[in-house]
Amino acid sequence: MSFLTDEKLVIVGAGGAIGSTMVQTALTMKLTPNVCLYDVYAPGMEGVIEEMFHCGYDGVNLTATTDVAEAFKDAKYIISSGGAPRKAGMTREDLLAGNCAIAKELGENIKKYCPDLKHLVVIFNPADLTGLVALLYSGLKPSQVTTLAALDSTRLQSAIAKKFGVKQYEVTGCKTYGGHGEQMAVFGSAVKVAGKPLNELIGTEACTAEDWEQIKLDTTKGGAKIIELRGRSSWQSPAYCSVEMVRAVMGGEAFRWPAGTYVCNEKYNHIMMAMETHLGTDGCTYTMPQGTPEELAKLDASYEHLCKMRDELVTLNIVPAISEWSSINPNL
């Protein structure tokens, strides 16, 4: 059997809907034969691994454990969905304190049990902050930790495709940046619909200014819509996109969407947010987004919102003041 690598991939929260789907997706993509399922809830996880055995995958070495030391030993890649899910009526920010405490423990466990980890993908909400906390306490380099932001861009692509009645792949250039929350910055200036610039269509009968505002609203509330329709938060799309991210850092097919990454430059600093990113075997690199003045102003506002939540983590004693971060993680 041909796999991208034989290095160990750990799925944290493997007993849940997202985690179990990640396991199946990783095996189907043939990322690595060595996949370890980790969850504190044994029955759910044991049910998942039994199902994977029933799939009859060839050449795989599946393991499952509730012992974090055993799970993380020799791990080279980790995807973590191990936080509380968002429920109806909740925003991602409502999960801040509890899930960031979980992220702190995740980072500490990485530092203790697998300090030579190559890459960590954090997908539990609010992902920008949980990823930031995990990075801080893991001791990893900024290029080694990314968060799931792709769903905002795929939701934008989907909303535009539905509006214009075209195939989703006919809509290109869809990007959202900043926070993975309702304060995200939606960029439409590079979007093309079946080869036509979206900017030339907005304000016409095909797409009024009001239509465009509704598309942006549908994008920012895409996660809430899934909860409304299905009675629980998304699981298939975050699972698929996060495994795509790991595939890219393993040296596989390029990742097409923005990822959440640590940003510290002259404009945005000490924050995790979606940028124009590239994922490869050297980890994650980013460039600053290009857009209209209005789009860039929206990105600034999204950054300010993230900073307020980061500062709340200081108040909650989950992270210390920024001036002390380098003493915890010299890479920051």
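Q: At what angle do the axes of helix 1 and helix 2 cross?
A: The axes of helix 1 (residues 17–28) and helix 2 (residues 42–55) come within 10 Å. Axes are lines fitted to C-alpha atoms, for helices over the stretch in contact, with angles from 0 to 180 degrees between N-to-C directions. Helices (H or I, at least four residues) and strands (E, at least two) are DSSP runs, numbered from the N terminus. The crossing angle is roughly 25°.

Q: Which residues of helix 2 make the contact with helix 1?
A: This is a predicted model: local features need pLDDT of at least 70, side-chain atom pairs count only at pLDDT 80 or more, and totals for chains, interfaces and linings use all residues. Residues are numbered from 1 along each chain as its sequence is written, and side-chain values use heavy atoms, without hydrogens and water. Contact means heavy atoms within 4.5 Å. Helix 1 brings Ser20, Val23, Gln24 and Leu27, and helix 2 brings Val48, Met52 and Cys55.

Q: Why do helix 5 and helix 11 count as oblique?
A: Their axes, in residues 127–138 and 293–315, come within 10 Å and cross at roughly 50°. Angles under 35 degrees count as roughly parallel, over 145 as roughly antiparallel, 65 to 115 as roughly perpendicular and the rest as oblique. Helix 5 and helix 11 are therefore oblique.

Q: What stands opposite lysine 192 in strand 11?
A: Strand 10 (residues 192–193) and strand 11 pair in the antiparallel sense over two bridges. Pairing requires at least two bridges found by DSSP. Opposite lysine 192 stands proline 197.
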